[in-house]
Amino acid sequence: MYKFVCTLVKAFIMLIFRVKLNGSENVPTEGGFVLCSNHLSNWDPPLLQAFLKRRIYYLAKEELFHVFGLSLVLKMIKAIPVKRSTADFASIKTSIKTVKGGGVIGIFPTGQREMVKGEGDVKSGIGFLAVKTEAPVLPVHITASYRIFSKVTIDIGEPLYYNNFETKPTQEDFERISNEIYDKIKALGDKNQNL
(Lines give C-alpha, C1' and ligand atoms only; values in the text may rest on other atoms or scores of the structure.)
Protein backbone atom coordinates (compact mmCIF):
# COMPACT_ATOMS: atom_id res chain seq x y z
CA MET A 1 0.00 0.00 0.00
CA TYR A 2 2.81 2.37 0.96
CA LYS A 3 4.71 1.80 -2.32
CA PHE A 4 1.50 2.25 -4.28
CA VAL A 5 0.84 5.62 -2.61
CA CYS A 6 4.45 6.70 -3.29
CA THR A 7 4.04 5.80 -6.97
CA LEU A 8 0.88 7.89 -7.18
CA VAL A 9 2.54 10.84 -5.42
CA LYS A 10 5.57 10.65 -7.72
CA ALA A 11 3.34 10.56 -10.81
CA PHE A 12 1.40 13.59 -9.56
CA ILE A 13 4.56 15.56 -8.75
CA MET A 14 6.00 14.80 -12.20
CA LEU A 15 2.82 16.17 -13.78
CA ILE A 16 3.15 19.57 -12.12
CA PHE A 17 6.93 19.98 -11.67
CA ARG A 18 10.04 19.25 -13.74
CA VAL A 19 12.12 17.27 -11.26
CA LYS A 20 15.85 16.67 -11.64
CA LEU A 21 17.65 14.36 -9.21
CA ASN A 22 21.44 14.58 -8.76
CA GLY A 23 23.56 12.23 -6.64
CA SER A 24 21.14 9.34 -6.24
CA GLU A 25 24.18 7.03 -6.06
CA ASN A 26 24.97 8.58 -2.65
CA VAL A 27 21.83 7.17 -1.03
CA PRO A 28 22.73 4.10 1.07
CA THR A 29 20.83 1.09 -0.23
CA GLU A 30 20.68 -0.58 3.17
CA GLY A 31 21.16 0.21 6.84
CA GLY A 32 19.91 3.16 8.82
CA PHE A 33 20.86 6.77 8.18
CA VAL A 34 19.74 10.31 8.93
CA LEU A 35 18.52 12.37 5.99
CA CYS A 36 18.97 16.13 6.50
CA SER A 37 17.51 18.63 4.03
CA ASN A 38 16.78 22.31 3.74
CA HIS A 39 13.08 23.10 4.12
CA LEU A 40 11.29 25.34 1.64
CA SER A 41 7.72 24.08 1.56
CA ASN A 42 5.25 21.43 2.68
CA TRP A 43 6.06 19.84 -0.69
CA ASP A 44 9.53 18.83 0.58
CA PRO A 45 8.64 15.62 2.50
CA PRO A 46 6.47 14.02 -0.23
CA LEU A 47 8.98 15.10 -2.88
CA LEU A 48 11.92 13.43 -1.15
CA GLN A 49 9.91 10.35 -0.27
CA ALA A 50 8.74 9.93 -3.86
CA PHE A 51 12.18 10.26 -5.45
CA LEU A 52 14.45 8.52 -2.93
CA LYS A 53 14.23 4.75 -2.93
CA ARG A 54 14.18 4.35 0.86
CA ARG A 55 11.21 4.80 3.17
CA ILE A 56 11.68 7.94 5.24
CA TYR A 57 10.25 8.44 8.72
CA TYR A 58 9.90 12.18 9.25
CA LEU A 59 10.03 14.19 12.43
CA ALA A 60 7.07 16.60 12.45
CA LYS A 61 6.02 19.24 14.95
CA GLU A 62 3.27 17.97 17.24
CA GLU A 63 0.88 20.79 16.27
CA LEU A 64 0.51 19.27 12.79
CA PHE A 65 -0.98 16.13 14.30
CA HIS A 66 -3.97 18.20 15.41
CA VAL A 67 -4.76 19.54 11.92
CA PHE A 68 -7.79 17.82 10.40
CA GLY A 69 -6.83 15.67 7.42
CA LEU A 70 -3.10 16.26 7.81
CA SER A 71 -3.04 14.27 11.04
CA LEU A 72 -4.35 11.24 9.15
CA VAL A 73 -1.59 11.57 6.54
CA LEU A 74 1.11 11.94 9.19
CA LYS A 75 -0.09 8.86 11.01
CA MET A 76 -0.27 6.91 7.75
CA ILE A 77 3.38 7.65 6.93
CA LYS A 78 4.30 6.99 10.58
CA ALA A 79 5.74 10.45 11.18
CA ILE A 80 7.25 11.02 14.62
CA PRO A 81 5.68 13.91 16.60
CA VAL A 82 8.08 16.41 18.18
CA LYS A 83 7.27 18.85 20.98
CA ARG A 84 9.21 21.96 20.02
CA SER A 85 8.59 23.84 23.27
CA THR A 86 10.74 21.46 25.30
CA ALA A 87 13.48 18.83 25.01
CA ASP A 88 11.47 15.95 23.57
CA PHE A 89 13.37 12.88 24.70
CA ALA A 90 10.63 10.51 23.53
CA SER A 91 10.99 11.60 19.88
CA ILE A 92 14.78 11.47 20.14
CA LYS A 93 14.65 7.95 21.59
CA THR A 94 12.26 6.82 18.83
CA SER A 95 14.50 8.35 16.17
CA ILE A 96 17.63 6.64 17.48
CA LYS A 97 15.80 3.31 17.70
CA THR A 98 14.52 3.71 14.13
CA VAL A 99 17.97 4.43 12.68
CA LYS A 100 19.71 1.70 14.65
CA GLY A 101 17.01 -0.69 13.44
CA GLY A 102 17.97 0.08 9.84
CA GLY A 103 15.40 2.79 9.12
CA VAL A 104 15.78 6.28 7.71
CA ILE A 105 14.92 9.38 9.72
CA GLY A 106 14.16 12.55 7.75
CA ILE A 107 14.80 15.79 9.55
CA PHE A 108 15.10 19.48 8.71
CA PRO A 109 18.01 21.12 10.61
CA THR A 110 16.13 24.40 11.15
CA GLY A 111 13.05 22.61 12.47
CA GLN A 112 10.81 24.75 10.28
CA ARG A 113 10.52 26.23 6.81
CA GLU A 114 13.22 28.75 5.93
CA MET A 115 11.65 32.19 5.61
CA VAL A 116 14.87 33.44 4.01
CA LYS A 117 16.62 31.09 1.58
CA GLY A 118 19.62 29.40 3.17
CA GLU A 119 19.07 30.98 6.56
CA GLY A 120 17.64 29.42 9.70
CA ASP A 121 18.21 28.70 13.36
CA VAL A 122 19.88 25.28 13.29
CA LYS A 123 18.88 22.89 16.08
CA SER A 124 21.61 21.04 18.01
CA GLY A 125 19.44 17.90 18.08
CA ILE A 126 20.66 17.08 14.58
CA GLY A 127 24.21 16.75 15.84
CA PHE A 128 23.06 14.76 18.85
CA LEU A 129 21.19 12.32 16.60
CA ALA A 130 24.16 11.98 14.25
CA VAL A 131 26.52 11.13 17.12
CA LYS A 132 24.20 8.85 19.08
CA THR A 133 23.12 6.75 16.09
CA GLU A 134 26.69 6.53 14.71
CA ALA A 135 24.95 6.31 11.34
CA PRO A 136 25.65 8.17 8.09
CA VAL A 137 24.10 11.61 7.69
CA LEU A 138 22.90 12.26 4.14
CA PRO A 139 22.88 15.98 3.21
CA VAL A 140 20.21 16.95 0.68
CA HIS A 141 19.43 20.30 -0.91
CA ILE A 142 16.20 21.20 -2.68
CA THR A 143 16.18 24.09 -5.16
CA ALA A 144 12.60 25.03 -6.01
CA SER A 145 10.03 27.79 -6.24
CA TYR A 146 7.27 25.15 -6.42
CA ARG A 147 5.43 27.22 -8.98
CA ILE A 148 3.40 25.01 -11.30
CA PHE A 149 5.51 23.45 -14.10
CA SER A 150 8.69 24.97 -12.62
CA LYS A 151 11.97 23.10 -12.23
CA VAL A 152 12.71 21.35 -8.95
CA THR A 153 16.25 20.11 -8.34
CA ILE A 154 17.22 17.63 -5.62
CA ASP A 155 20.97 17.49 -4.92
CA ILE A 156 22.18 14.61 -2.74
CA GLY A 157 25.64 14.86 -1.22
CA GLU A 158 28.00 12.18 0.01
CA PRO A 159 27.21 10.69 3.45
CA LEU A 160 28.83 12.35 6.47
CA TYR A 161 30.08 10.39 9.48
CA TYR A 162 30.37 11.44 13.13
CA ASN A 163 31.37 8.26 14.92
CA ASN A 164 35.02 8.84 15.76
CA PHE A 165 34.88 10.67 19.10
CA GLU A 166 37.65 9.69 21.51
CA THR A 167 36.03 11.54 24.41
CA LYS A 168 32.39 12.10 25.37
CA PRO A 169 30.94 14.74 23.00
CA THR A 170 29.70 17.97 24.54
CA GLN A 171 26.77 20.27 23.76
CA GLU A 172 29.23 22.45 21.84
CA ASP A 173 30.17 19.43 19.73
CA PHE A 174 26.51 18.78 18.91
CA GLU A 175 26.01 22.42 17.92
CA ARG A 176 29.17 22.41 15.78
CA ILE A 177 28.11 19.22 14.00
CA SER A 178 24.60 20.56 13.39
CA ASN A 179 25.98 23.71 11.80
CA GLU A 180 28.50 21.70 9.77
CA ILE A 181 25.70 19.53 8.37
CA TYR A 182 23.66 22.61 7.49
CA ASP A 183 26.69 24.19 5.81
CA LYS A 184 27.11 21.03 3.69
CA ILE A 185 23.45 21.26 2.67
CA LYS A 186 23.81 24.91 1.66
CA ALA A 187 27.02 24.12 -0.25
CA LEU A 188 25.08 21.62 -2.38
CA GLY A 189 22.66 24.40 -3.25
CA ASP A 190 25.46 26.85 -4.02
CA LYS A 191 27.08 24.29 -6.35
CA ASN A 192 23.79 23.86 -8.18
CA GLN A 193 23.38 27.64 -8.54
CA ASN A 194 26.79 27.90 -10.18
CA LEU A 195 26.15 25.27 -12.85
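How many salt bridges does the count come to in this structure? The count comes to three salt bridges, where a salt bridge is a side-chain nitrogen of Lys or Arg within 4 Å of a carboxyl oxygen of Asp or Glu. This is a predicted model, in which local features need pLDDT of at least 70 and side-chain atom pairs count only at pLDDT 80 or more, while totals for chains, interfaces and linings use all residues. Residues are numbered from 1 along each chain as its sequence is written, and side-chain values use heavy atoms, with hydrogens and water left out. Helices (H or I, at least four residues) and strands (E, at least two) are DSSP runs, numbered from the N terminus. A residue is called buried under 20% relative accessible area, exposed over 50%, and partly exposed in between (1.4 Å probe, protein chains only).

- Side chains of opposite charge can pair when their charged atoms come close.
- D173 forms a salt bridge with R176, and their closest N and O atoms are 3.7 Å apart.
- D173 and R176 are three residues apart in helix α6, so about one helical turn separates them.
- D173 is buried, at 18% relative accessible area, whereas R176 is partly exposed, at 42%.
- R176 also forms a salt bridge with E180, again with the closest N and O atoms 3.7 Å apart.
- R176 and E180 are four residues apart in helix α6, so they too are separated by about one helical turn.
- E180 counts as partly exposed, at 30% relative accessibility.
- K186 and D183 meet in a salt bridge of 3.9 Å, N to O.
- K186 and D183 both lie in helix α6, three residues apart, which is about one turn of the helix.
- K186 is partly exposed at 26%, and D183 is partly exposed at 45%.
- Salt bridges that share partners join D173, R176 and E180 into one network.

**Aromatic pairs**

- A pair of aromatic rings is described by the distance of the centres and the angle of the planes.
- Rings of Phe, Tyr and Trp (its six-membered ring) pair if their centres lie within 6.5 Å; planes under 30 degrees apart count as stacked, over 60 as edge-to-face and the rest as tilted.
- The count by this rule comes to six aromatic pairs.
- F17 and Y146 form an edge-to-face pair, 5.5 Å centre to centre with 70° between the planes.
- F17 lies in the loop between α1 (2–16) and β1 (18–22), and Y146 in the loop between β6 (137–143) and β7 (151–156), so this pair ties together parts that are 129 residues apart in sequence.
- Both F17 and Y146 are buried.
- The rings of W43 and Y146 have centres 6.4 Å apart and planes at 20°, so this pair is stacked.
- W43 lies in the loop between β2 (33–37) and α2 (44–51), and Y146 in the loop between β6 and β7, so the pair ties together parts that are 103 residues apart in sequence.
- W43 is partly exposed, with a relative accessible area of 29%, whereas Y146 is buried, at 12%.
- F12, F17, W43 and Y146 are linked into a cluster by ring pairs.

**Helix α2**

- Seven of the eight residues of α2 are buried, so the helix is largely enclosed by the rest of the structure.
- The buried residues of α2 are D44, P45, L47, L48, Q49, A50 and F51.
- These buried residues pack against α1, β1, β2, β3 (56–61), β6 and β7.

**Nonpolar cores**

- A nonpolar core is a set of buried Ala, Val, Leu, Ile, Met, Phe, Trp, Tyr and Cys residues joined through side-chain atoms within 4.5 Å.
- The largest nonpolar core has 23 residues, and V34, C36, V137, Y162 and I181 have the most contacts inside it.
- Helix α6 gives the most to this core, with five residues.
- Leaving aside neighbours within four places in sequence, V34 is in contact (heavy atoms within 4.5 Å) with V99, I105, I107, L129, T133, P136, V137 and L138.

**Strand β7**

- Five of the six residues of β7 are buried, and the strand is mostly covered.
- Two strands pair if DSSP finds at least two bridges between them.
- β1 and β7 run parallel and are joined by five bridges; V19 stands opposite V152 in β7.
- β6 and β7 pair in the antiparallel sense over four bridges, and the bridge partner of H141 in β7 is D155.
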